[in-house]
Amino acid sequence: MNTHDTRPGSTGGADTPGPLHGGPDEDYTPEQLAAMSLDELDRLGARYDGVEIMHVEPGPEPGSPLEKRAVRQIGTVFTLAGLCAFASVVIYAGSGWFLPTWQWSVSESGWSAIFTPLVGALFGAAMILVGVGLVLYTKKLLPHETAVQDKHDASAFDRATAGATLVRTAHNSGLARRKLITRSLAFMGGGLGLMLIMPLGGLIKNPNTGDPLGTTPWKQGVRLTRLDGSPIRPGDQEPGSLETVFPAVPGGNRAANAATMLIRLRPEQVAANRPRPGQGNLGYGDYVAYSKICTHAGCPVSLYEQETSRILCPCHQSQFDVTQGAKPVFGPASRPLPQLPITVDASGYFVARSDYLEAVGPTYWNRRRI
Ligand code: FES
């Protein structure tokens, strides 16, 4: 028996450790601790930590049919989680949000309807499958142990024994020899990692390229049409009436920024009309056309009171005066409704003379001003 075997707490060659004397740092030198196996360190640490093992249930026998079946199940779940994560990455990458030159060729309206639910569903499915896989792994493959431990301050001894406990736990998990699970975990980890960082991709693309917020489907020669697609002639409306019109382009009646109010002014309104400086000739005869998108927060302004010449936004009660170039005269909106320049084509139908001269809707950064 050597000095090491006679140290307090040492097994001294016996199966049961010897009595513990002072603190662990007094009982064991770092050299003695380094010479012990992981199992010995783990057991020793448990004793000094006052850990009482109540119940131990070993995992399945290595190589047994039970273990193989569990490994297959868990590997499949982790692989499915990885597939969901990679699928959400591919769909996000094809959204056109940050890859400027490539995106899925799905019709604009259909894509916008399914994009968010699809990315969300795949993200959620990946996270659920990760949880299911971890629960299955814990229940089916790990040894189950119930222990009770008193808490106390950490020391060098605690660090060494706690580290040994962690390493031994990793060893007991059997990950090193269960290749199917480690591979599926690596696959899943790659997918999840990409999925979690991919929202940063939205920072790559300049959102102002092509001025998407400052342009609408309106352009020179595009007819003004009703929701059903029928064109409008100057005689179609009564004085004092309002008609919501859309550009006669594919999808024009669904473009969120294109809805426009075509208003026929009454004679007294024409007499009182004071267009904004530089916008005196944007109407046609007694007709004027203004954006239907509120400049406060983007609600559709559609309540027109012809007696007061005011257009009311139902969201926060902003009011715009059509005889003053649709300037806001009440409420939180601070900018006038943009006016669409209009004329009639050779067939006598209303057409736009150009896009809006300023951005429609609420104010945003870098907004062009006129
Ligand atoms: S959105 Fe129109 S007043 Fe707020």
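Me: Which strands does β9 (residues 319-321) pair with over 3 bridges, and in what sense? Start with β10.
Reply: In this predicted model, strand β9 (residues 319-321) pairs with strand β10 (residues 327-330) over 3 bridges, in the antiparallel sense.

Me: What is the bridge partner of F320 in β10?
Reply: P328 is the bridge partner of F320 there.

Me: How many residues lie between the strands in the hairpin of β9 and β10?
Reply: The hairpin has 5 residues between its strands. One of the residues to look at is G325, which takes a positive phi near 70 degrees.

Me: And how is β8 joined to β9?
Reply: Strand β8 (residues 310-312) and β9 run antiparallel, joined by 3 bridges. In β9, D321 is the bridge partner of R310.

Me: What is the strand order in the open sheet that holds β9?
Reply: The order is β7-β8-β9-β10, an open sheet of 4 strands with antiparallel pairing. β7 (303-305) and β10 stand at the edges with a single partner strand each, so one side of each has no neighbour in the sheet. On average, neighbouring strands of this sheet are turned by 35 degrees against each other, direction ignored.

Me: New topic. What is the order of the open sheet that includes β3?
Reply: That open sheet has 4 strands in the order β3-β4-β5-β6, and the pairing is antiparallel. Its edge strands are β3 (224-225) and β6 (287-291), each pairing on one side only.

Me: How many bridges join β3 to β4?
Reply: There are 2 bridges between β3 and strand β4 (residues 242-247), and the two strands run antiparallel. L224 has P247 in β4 as its bridge partner.

Me: Helices now. At what angle do α5 and α8 pack?
Reply: Helix α5 (residues 65-93) and helix α8 (residues 179-197) pack at an angle of about 20 degrees, and their axes are 8 Å apart. Angles under 35 degrees count as roughly parallel, and α5 and α8 are therefore roughly parallel to each other. The crossing of α5 past α8 is left-handed.

Me: Which residues of α5 and α8 meet?
Reply: On the α5 side they include V71, I74, F78, A81, A85 and V89. On the α8 side they include L180, I181, L185, F187, M188 and L192. By class, the contact of α5 with α8 has 15 nonpolar, 7 polar and 1 charged residues.

Me: At what angle do the axes of α4 and α7 cross?
Reply: The axes of helix α4 (residues 38-48) and helix α7 (residues 156-172) cross at roughly 125 degrees and come within 8 Å. That angle makes α4 oblique to α7. α4 passes α7 in a left-handed crossing.

Me: Which residues of α4 and α7 meet, and how do they split by class?
Reply: From α4, L38, D39, L41, D42, L44, G45 and Y48 take part. They meet F157, A160, T161, A162, A164, T165, V167 and R168 in α7. The contact of α4 with α7 has 9 nonpolar, 3 polar and 3 charged residues.

Me: Last topic: what is the mean pLDDT of the protein chain?
Reply: The mean is 84, and 87% of the residues in the chain reach 70 or more.

Me: Where is confidence lowest, and where is it highest?
Reply: Confidence is lowest in helix α1 (residues 3-6), with a mean of 41, and highest in strand β12 (residues 350-352), at 97. The pLDDT is below 50 over residues 1-18. Beyond near neighbours in sequence, that stretch has 31 contacts in the model.

Definitions and conventions:
Residues are numbered from 1 along each chain as its sequence is written. This is a predicted model: local features need pLDDT of at least 70, side-chain atom pairs count only at pLDDT 80 or more; totals for chains, interfaces and linings use all residues. Two strands pair if DSSP finds at least two bridges between them. Axes are lines fitted to C-alpha atoms, for helices over the stretch in contact, and angles run from 0 to 180 degrees between N-to-C directions. Angles under 35 degrees count as roughly parallel, over 145 as roughly antiparallel, 65 to 115 as roughly perpendicular and the rest as oblique. A crossing is left-handed if the near helix is turned anticlockwise from the far one by less than a right angle, and right-handed if clockwise. Two residues are in contact if their C-beta atoms, placed from the backbone, lie within 7 Å. Ala, Val, Leu, Ile, Met, Phe, Trp, Tyr, Cys and Pro count as nonpolar, Asp, Glu, Lys and Arg as charged, and the others, Gly among them, as polar. pLDDT is the predictor's confidence in each residue, from 0 to 100.
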